[in-house]
Amino acid sequence: MPDRMKNAASLKGLRRALRKNMTQAEAKLWTYLKNKRFHGYMWHRQFSIGNYILDFFCPSQKLAIELDGQGHATVETYNRDVERTAYLRKLGIRVLRFENKRVFTGWNNVEECILATIEKREPNSPYAIESRLCRLGWEDDGDSGDSGDSGGGEPKFRDNSKP
């Protein structure tokens with residue numbers, strides 16, 4: 001793994017503080033992910049890549065999960081999230097974003113979305129496809145030709161965050 005994909009020593013204190021002060025949604029999701037409980041995949045919480053700290057990261061799948069609460073409702077935060085996602089995608093990391101409430105009210109759909117991303121397939125749940133559940137998480141990795149034009153090979157996002 002390249003150095004930029006390892007936990008930065010300079011962010012150790014902040015990562016530790018974030019782990020100690022997880023949101024309720026992060027704590028709930030962690031109960032599903034820790035100790036390889038999620039279909040045998042190893043996940044890390046508050047893992048840093050570059051200058052970013054990811055809520056959850058599965059190195060074997062190069063998959064990050066970010067949980068978004070009220071603080072992600074602004075245009076400024078949305079733009080920062082898009083910038084972060086673009087950076088991670090350049091490193092080959094896929095990013096899924098879920099609203100905090102989905103961890104509590106739609107776990108089956110969250111689980112299906114994560115599995116579908118790992119398996120590089122569309123979710124089986126129409127709700128997961130059509131909702132904001134997988135906002136900014138879907139990418140075209142060249143396997144299907146029906147995803148539209150990305151404008152010269154740039155990453156593509158299915159942005160379900162807008163009505």
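In β2, which residue is the bridge partner of His44? The partner is Phe57. The model is predicted: local features need pLDDT of at least 70, side-chain atom pairs count only at pLDDT 80 or more, and totals for chains, interfaces and linings use all residues. Residues are numbered from 1 along each chain as its sequence is written, and side-chain values use heavy atoms, with hydrogens and water left out.

Strands are DSSP runs of E with at least two residues, numbered from the N terminus. Two of them pair if DSSP finds at least two bridges between them. Strand β1 spans residues 44-49 and runs antiparallel to β2, with 5 bridges. Ile49 has Tyr52 as its bridge partner in β2. The two strands form a hairpin with 2 residues between them. In that turn, Gly50 has a positive phi of about 60 degrees.

Strand β2 covers residues 52-58.

The β2–β3 hairpin has 4 residues between its strands. Lys62 takes a positive phi near 50 degrees in this hairpin.

How values were computed
Buried < 20%, exposed > 50% of the residue type's maximum accessible area, 1.4 Å probe, protein only.
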